[in-house]
Amino acid sequence: MSSTGASGGRAADARDQRVAVAPPAQGADPVATLTAIVADLTELVAGARTGPLGGGTLKVPRDQLVALVDELREAVPHQLDEADRVLEDADRVLGEAQAQAEDVLSTARARAIELVQREQVVAQAQARAAEVVAAAEADAVRIRQDADDYCDRRLAMLEDVLEQAGVQVRAGRERLVERALERSAERAD
């Protein structure tokens, strides 16, 4: 394969310098990692020369394409690990919220029992207990909703990245099939 011009050649040279595919660094943004890989794939395809038959056929350096697909293969499990961590964090937050709600409910019930035992304030105790229980339940619902919303946002981001990666991988695989058909046609000639 030949180089693709000054700027395309520099980008290809930079990709050629990749020695090994490493997982994202601790604390690195996994979405940014996948986005960078997809950008590299896009740049590789955009900088590719058209084939001699034209018709939208591109010549893409196989080693570079395989290296980028390998990077995706490495990065996606890390994305899934990140999603698992997000879900674990959400479960932890939800557990803490439930524990807080139980503490508030327990405190409210104890207070309500104490007030009920005092005959002169029975009506006030019941009203106050209902308010505390309602507030605790409302807080628990809000905390659960916040945790669910956070998880949903993170999973939606992951879904978008995985869809983008899937499109790029499918395009790469289709191109490989086209190249195989082209080679078969050339051999038949």
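Arginine 175 counts as buried, because its relative accessibility is 10% (buried means under 20% relative accessible area, exposed over 50% and partly exposed in between, with a 1.4 Å probe and protein chains only). This is a predicted model, in which local features need pLDDT of at least 70, side-chain atom pairs count only at pLDDT 80 or more, and totals for chains, interfaces and linings use all residues. Residues are numbered from 1 along each chain as its sequence is written, and side-chain values use heavy atoms, with hydrogens and water left out.

**Salt bridges**

- The count comes to 5 salt bridges, each defined as a side-chain nitrogen of Lys or Arg within 4 Å of a carboxyl oxygen of Asp or Glu.
- Arginine 175 forms one of them with glutamate 182, with the closest N and O atoms 3.5 Å apart.
- Arg175, Glu178 and Glu182 are linked in a network of salt bridges.
- Arginine 92 and glutamate 96 also meet in a salt bridge (3.1 Å, N to O).
- Both of these residues lie in helix α3, 4 residues apart, about one turn of the helix (helices are DSSP runs of H or I with at least four residues, strands are runs of E with at least two, and they are numbered from the N terminus).
- Arginine 92 is partly exposed at 45% relative accessibility, and glutamate 96 is partly exposed at 40%.

**Nonpolar core**

- The largest nonpolar core has 13 residues, of which Leu34, Leu41, Leu44, Val60, Leu65 and Leu72 touch the most other members; such a core is a set of buried Ala, Val, Leu, Ile, Met, Phe, Trp, Tyr and Cys residues joined through side-chain atoms within 4.5 Å.
- Helix α2 gives the largest share of this core, 5 residues.
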